[in-house]
Amino acid sequence: MITEAMEKATPINKLSALSHPDRLAIFRLLVGVGGEGLNAGDIGAALELKPNTLSAHLTMLSSVDLIRSQREGRNIRYFAEMQAMRTLLGLECSGGRTYKTYARHANAETAWLRALVDNRPRSRQ
């Protein structure tokens with residue numbers, strides 16, 4: 001059974017969430033600080049976002065599993081979900097292999113993927 005949360009975390013929804021310049025800036029900032037994460041106040045100050053606007057953006061990014069949060073007393077610290085982003089961008093697929101590796105070992109039906117990965121023109125068959 002597909003849950004509502006699973007439906008929200010589709011690749012299209014993740015990319016759509018990142019299509020807003022402020023949300024992309026938030027995500028890039030969190031990626032830049034790595035595992036330390038940032039609390040909401042620091043994110044707002046760094047990007048000059050009002051608290052209510054920041055809250056809406058953080059909610060959207062959280063709803064599609066691009067960021068996660070952790071309560072620390074009265075503050076909430078946010079972290080980028082790097083594994084979700086790697087999967088979204090196709091840097092990992094079946095069994096942790098990269099798409100490039102997968103494409104090189106796949107059958108003829110994936111010639112278009114090999115061409116894309118190797119950056120060469122598609123052969124006409």
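**Rings, helices and strands**

Student: How many aromatic pairs does the ring rule count?

Tutor: The count comes to 0 aromatic pairs. Rings of Phe, Tyr and Trp (its six-membered ring) pair if their centres lie within 6.5 Å; planes under 30 degrees apart count as stacked, over 60 as edge-to-face and the rest as tilted. This is a predicted model: local features need pLDDT of at least 70, side-chain atom pairs count only at pLDDT 80 or more, and totals for chains, interfaces and linings use all residues. Residues are numbered from 1 along each chain as its sequence is written, and side-chain values use heavy atoms, leaving out hydrogens and water.

Student: How do you know where Arg68 lies relative to Phe79?

Tutor: Arg68 is 4.3 Å from the ring centre of Phe79. The rule asks for NZ of Lys or CZ of Arg within 6 Å of the ring centre and within 35 degrees of the ring normal. Arg68 therefore counts as lying over the face of Phe79.

Student: What makes the angle class of helices H3 and H5?

Tutor: H3 (residues 21-33) and H5 (residues 51-63) pack at about 70 degrees, with axes 10 Å apart. So H3 is roughly perpendicular to H5. The classes: under 35 degrees roughly parallel, over 145 roughly antiparallel, 65 to 115 roughly perpendicular, the rest oblique. Axes are lines fitted to C-alpha atoms, for helices over the stretch in contact; angles run from 0 to 180 degrees between N-to-C directions. Helices (H or I, at least four residues) and strands (E, at least two) are DSSP runs, numbered from the N terminus.

Student: Which residues of H3 and H5 meet?

Tutor: Asp22, Arg23 and Ile26 of H3 meet Leu54, His57, Leu58, Met60 and Leu61 of H5. Contact means heavy atoms within 4.5 Å.

Student: Why are H2 and H3 put in their angle class?

Tutor: H2 (residues 11-18) and H3 pack at about 100 degrees, with axes 6 Å apart. They are therefore roughly perpendicular. Ser16, Ala17 and Leu18 of H2 touch Arg23, Leu24 and Phe27 of H3.

Student: How do you know that E1 and E3 pair?

Tutor: They share 2 bridges, in the antiparallel sense. Pairing takes at least two DSSP bridges, so E1 and E3 qualify. Asn39 has Arg77 in E3 as its bridge partner.

Student: How many bridges join E2 and E3?

Tutor: E2 (residues 67-72) and E3 (residues 75-80) pair antiparallel over 6 bridges. Ser69 is bridged to Tyr78 in E3, and Arg71 stands opposite Ile76 in E3. Their hairpin has 2 residues between the strands, and Gly73 takes a positive phi near 65 degrees.

Student: What is the strand order, and which strands stand at the edges?

Tutor: The open sheet of 3 strands runs E1-E3-E2, with antiparallel pairing. E1 (38-39) and E2 stand at the edges; each has a single partner strand, so one side of each lacks a neighbour in the sheet.
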